[in-house]
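These are my notebook entries on a structure that I had not examined before.

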Amino acid sequence: MQEKKNKSWLSFLLEVIVLVALFTLVQYALTVGLINQSYQINLVTMCINIILAVSLNLINGFTGQLSLGHAGFMAVGAYVSVILTNFMEMPFIIGILGGCIAAGIAGFIIGVPTLRLKGDYLAIATLAFGEIIRVVLQNIDYVNGPAGIVGITKLTSWPWLYWTAIITILVIVNLMNSSYGRAIISIREDEVASELMGINTTKYKVLAFIIGAMFAGLAGVMYAHYFYIIKPDTFSFLRSFDMVVMVVLGGLGSTTGAVIAAIFITFLTFGLQKYAAMRMVIYSLILIIVMIYRPQGLMGSKELSRKTFSRIWSGKK
Amino acid sequence: MLEFSQQIVNGLSLGAIYALIALGYTMVYGIIKLINFAHGDVMMVGAYVGFFSITMLGTNIVVAMLAAMLLCALLGVLIEKVAYRPLRNSTRIAALITAIGVSLFLEYITVVVLGPAQRVFPQSAFPIKAYNLAGLTILNKQIFVFVSAVLLMLILQYIIKRTKTGKAMRAVSLDMEAAVLMGISVDKTISVTFAIGSALAAAAGVMIGVYYQTINPLMGIIPGLKAFVAAVLGGIGLIPGAMVGGFVMGLLETMVSGYGSSLYRDAVAFGVLIIILLIRPTGLFGKNTGEKV
């Protein structure tokens, strides 16, 4: 028992060391100037995509409630944080918290009525809500309507991005390892049966929706404070589809899969920058082919974790 | 009052287009319980076929519409065979994601092949004339759209109610397994459903070309979503429901842009959808059926 405890402490320490080392390495490369401007943008997009994919995976993958409105929550986070930091001149951390909380509230308001719906109806309703958020933003003069907000202070930096992405992953992984997580998975597997087992399905569905929305808001905050400009059209449902592609490719219900897919899609987008339309054709083919030949996605619902590595290490199958 | 009647005239012709598209959604949903996201994009392809038929082959509008209907019927059958048939026994979410994939594919393959630019639908194919009727301005394109849409709906009603194919379609949508036992070829019936639905969408595409005079590769998205809302409004899976829903959506939209803000025009459709889904998910004409375990 004592030995086991020591071992888990050791591997925990190892993880922390790996995370910090990765962070320091990139930070060092950034300060020395090894990473040029376009790769820096790629790096930022990657972290934002990881946050988005992992958080959407909580809703679409783990809870099994197909949401097509994730970009709407991203928009709420982005706009609220910019209002806080730029219009009211508050510190960045307040902007981050405000953006997350506002997106979470939006998630609650949208989640409570729509999560009574199932399957494709839910998908369409979330898509509709995402679009309504966009249209409403277009009609608010305070945030310049369709023109959007230009000249946002650049506050997003590598440490912020890296650690927020790590926090997102940690929160969701730990949530899924808790009793809450098991309740959430039981809803995906069989909603009626889990309700019969005494699980308050509405409560857990709304909870997953709120947490997912909050992290989408976080991604929106990071996006807004790096790319200088936000406008309602940035957050149209095509962006939601981008996120769905990542989640589907990675495997509905696998955080590792979502991270890998987010990294892959970011590089694909980067590589096909000059051919925006071709990129969308490739995305669509990925969706169709994955659904026909491997509907569980790259990773299925499997995870790469400490256990997997130690299993490979000790040579056990 | 006059302005109100004018809005009704405008709304009816727009509603006829939505109704035609909504019919395809509702027929496909009725038979395989799939929201065919690509339906609006089939409409876009129809508009392009019509466009090229007029500009390159110099046909008149009726021939262009028939050509679009024929080609899109084939496209619809092809989409079903390639993308939806392998997924018939998998989860509905998987089928829905595939449909989104097909939709994106049609949109962006058109962008890649034909370019993203907007094209102007040739005026020569359909010179605009305005008629004055008791103070109302009625354009000949409105009459054209309304009459041809109603004609197509009547033909559809005939096919569904009076022919053997229509009977097979109704049987499969009622109970697929029982239909198989009765000797109905389900695959063939589903193909026919896609063919008819896509042909109607193509006709609507040419009408939109005539009506709005411009076409572009992403033109299918918003009318497609609105037609879907129309189908849900009338009760998805029900053919008369889709027709009524389409007209209601058309009227609502012209009223909102006529009396309110045109910026909110698209939000209204989504608002209606959400209200319907929350209050009466089965639509105006739908019956409520409980979930069986």
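**Entry 1: one helix of chain B.** I began where α4(B) stops: the helix is followed by B:Gly115, whose phi is positive, near 85°. Helices here are DSSP runs of H or I with at least four residues, numbered from the N terminus. The model is predicted, so I noted that local features need pLDDT of at least 70 and side-chain atom pairs count only at pLDDT 80 or more, while totals for chains, interfaces and linings use all residues. Residues are numbered from 1 along each chain as its sequence is written, and chains are lettered from A and ligands numbered from 1 in the order in which they are written.

I then checked the length of α4(B), residues 92-114. Its 23 residues should span 33 Å at 1.5 Å a residue, and the end C-alpha atoms are 33 Å apart, which agrees. The expected span is 1.5 Å times one less than the number of residues.

**Entry 2: one helix of chain A.** I repeated the check on α2(A), residues 37-62. A:Gly64, which follows α2(A), has a positive phi, near 75°.

**Entry 3: where the chains touch.** How many residues of chain B are in contact with chain A? I found 34 residues of chain B in contact with 32 residues of chain A; contact means C-beta atoms, placed from the backbone, within 7 Å. On the chain B side, α4 and α11 each supply at least two residues. α4(B) gives the most, with 15 residues. The chain B side divides into 28 nonpolar, 4 polar and 2 charged residues. Ala, Val, Leu, Ile, Met, Phe, Trp, Tyr, Cys and Pro count as nonpolar, Asp, Glu, Lys and Arg as charged, and the others, Gly among them, as polar.

**Entry 4: packing around α11(B).** I looked at α9 (residues 221-234) and α11 (residues 265-279) of chain B, which pack at about 30° with axes 10 Å apart. Axes are lines fitted to C-alpha atoms, for helices over the stretch in contact, and angles run from 0 to 180 degrees between N-to-C directions. That angle makes α9(B) roughly parallel to α11(B): under 35 degrees counts as roughly parallel, over 145 as roughly antiparallel, 65 to 115 as roughly perpendicular and the rest as oblique. The contact includes B:Leu225 and B:Val229 of α9(B), and B:Val272 and B:Ile276 of α11(B). By class, this contact has 10 nonpolar, no polar and 2 charged residues.

I next took α10(B), residues 239-259, which packs against α11(B) at about 140°, with the axes 9 Å apart. That makes α10(B) oblique to α11(B). Among the residues in contact are B:Leu252 and B:Val256 of α10(B), and B:Val268 and B:Val272 of α11(B).

**Entry 5: α5(B) and α6(B).** Lastly, I found α5 (residues 140-162) and α6 (residues 164-174) of chain B packed at about 75°, with axes 5 Å apart. They are therefore roughly perpendicular to each other.

Conventions: Two residues are in contact if their C-beta atoms, placed from the backbone, lie within 7 Å.
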